[in-house]
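Here are some notes for a colleague who is opening this structure for the first time. Please read them with the sequence and the model side by side.

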Amino acid sequence: MTDSLMRSGIGMTSQRTRQRLVQRLQEEGVMNERVLAAIGNTPRHLFIDEALSHRAYEDTALPIGHNQTISQPLIVAHMSELLLATGPLDKVLEIGTGSGYQTAILAQLVNRVFSVERIQPLQDKAKERLQSLKLRNIVFRWGDGWEGWNALAPYNGIIVTAAALEVPKALLDQLAVGGRLVMPVGDSHSQQLYLITRQEQGFKQQILGNVRFVPLLNGTIR
Ligand code: SAH
């Protein structure tokens, strides 16, 4: 088999398995067509070490090294759907780039993604992957997400893919009026997904059910 045939063969297989994942997410209640299309378009196996890539299209979180995980597709879809529920978004801040998979999905759904990660080697790998997928509307920052990214605030959406006991104050400050913030809140035993909307005066808070994320930690790692 030629190289290119082999590549397209692999492409077709993953396209088909990807479609099955999309179907499964639909059965689980994901309805936003743009979110489903982005998941159908995105080769999740490229975001995972080769040794685990055969499990890439299972609806499960998987290890990506440094004690971190790539989020479960259903959660990625659900959080994206929540962010987009009130219409198209211009600027979205993501805390916790990790593998870059959620970043890749967001980049297909909003104008610009600003993604902060505290572990530099994870960020470097994510950058490479997203560049090779030709997703160019992403800006990366190596830093502590507790501080957000003030220089480029305000954001129309903020998504945090690690859990803390409370929503960092800096993130609330950096949310635009009318903007939405989605984040898991809780400890390692019990976490709930919070949706916070900034209003003209104050914030509206909705609690949306149980989730399980790695913790939002302090400081940076080189
Ligand atoms: N959305 C990612 C999930 C990665 S897991 C994916 O699907 O691959 C959570 C990520 O948050 C990890 O990469 C972890 O290093 C990062 N993280 C934890 N605390 C952080 C902080 N304070 N600032 C920035 N990133 C943080």
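How many nonpolar, polar and charged residues does the lining of the largest cavity have?

1. The model is a predicted one, and the question concerns its largest cavity, whose lining has five nonpolar, two polar and three charged residues. The residues that line this cavity are Phe47, Ile48, Asp49, Pro63, Ile64, Gly98, Ser99, Leu122, Lys125 and Arg129.

2. The count comes to one cavity of 30 Å³ or more, and the volume of the largest cavity is about 60 Å³. Strand E1 (62-65) and helix H5 (120-132) each contribute at least two residues to its lining, with H5 giving the most, namely three residues.

3. Turning to the rings, the structure holds three aromatic pairs.

4. Over the face of Tyr155 lies Lys91, at 5.3 Å from the ring centre; elsewhere, the charged end of Arg44 sits over the ring of Tyr101, 5.5 Å from its centre.

5. In helix H2 (residues 33-41), the buried residues are Val35, Leu36, Ala38, Ile39 and Gly40. At the start of H2, a side-chain oxygen of Asn32 comes to within 2.9 Å of the backbone nitrogen of Arg34.

Notes: Residues are numbered from 1 along each chain as its sequence is written. This is a predicted model: local features need pLDDT of at least 70, side-chain atom pairs count only at pLDDT 80 or more; totals for chains, interfaces and linings use all residues. Side-chain values use heavy atoms; hydrogens and water are left out. Rings of Phe, Tyr and Trp (its six-membered ring) pair if their centres lie within 6.5 Å; planes under 30 degrees apart count as stacked, over 60 as edge-to-face and the rest as tilted. A charge sits over a ring if NZ of Lys or CZ of Arg is within 6 Å of the ring centre and within 35 degrees of the ring normal. Buried means under 20% relative accessible area, exposed over 50%, partly exposed in between (1.4 Å probe, protein chains only). Helices (H or I, at least four residues) and strands (E, at least two) are DSSP runs, numbered from the N terminus. A polar contact is a pair of N or O atoms within 3.5 Å; within protein, one must be able to donate a hydrogen and the other to accept it, and residues adjacent in sequence count only if both atoms are side-chain atoms. On a 1 Å grid over the protein atoms alone, a cavity is a set of points where a 1.4 Å probe fits but cannot get out, and a pocket is an open set with protein on both sides within 12 Å along at least five of seven lines; lining residues have an atom within 4 Å of a point. Grid points are joined across faces, edges and corners, and a volume is the space filled by probe spheres set on the points. Ala, Val, Leu, Ile, Met, Phe, Trp, Tyr, Cys and Pro count as nonpolar, Asp, Glu, Lys and Arg as charged, and the others, Gly among them, as polar.
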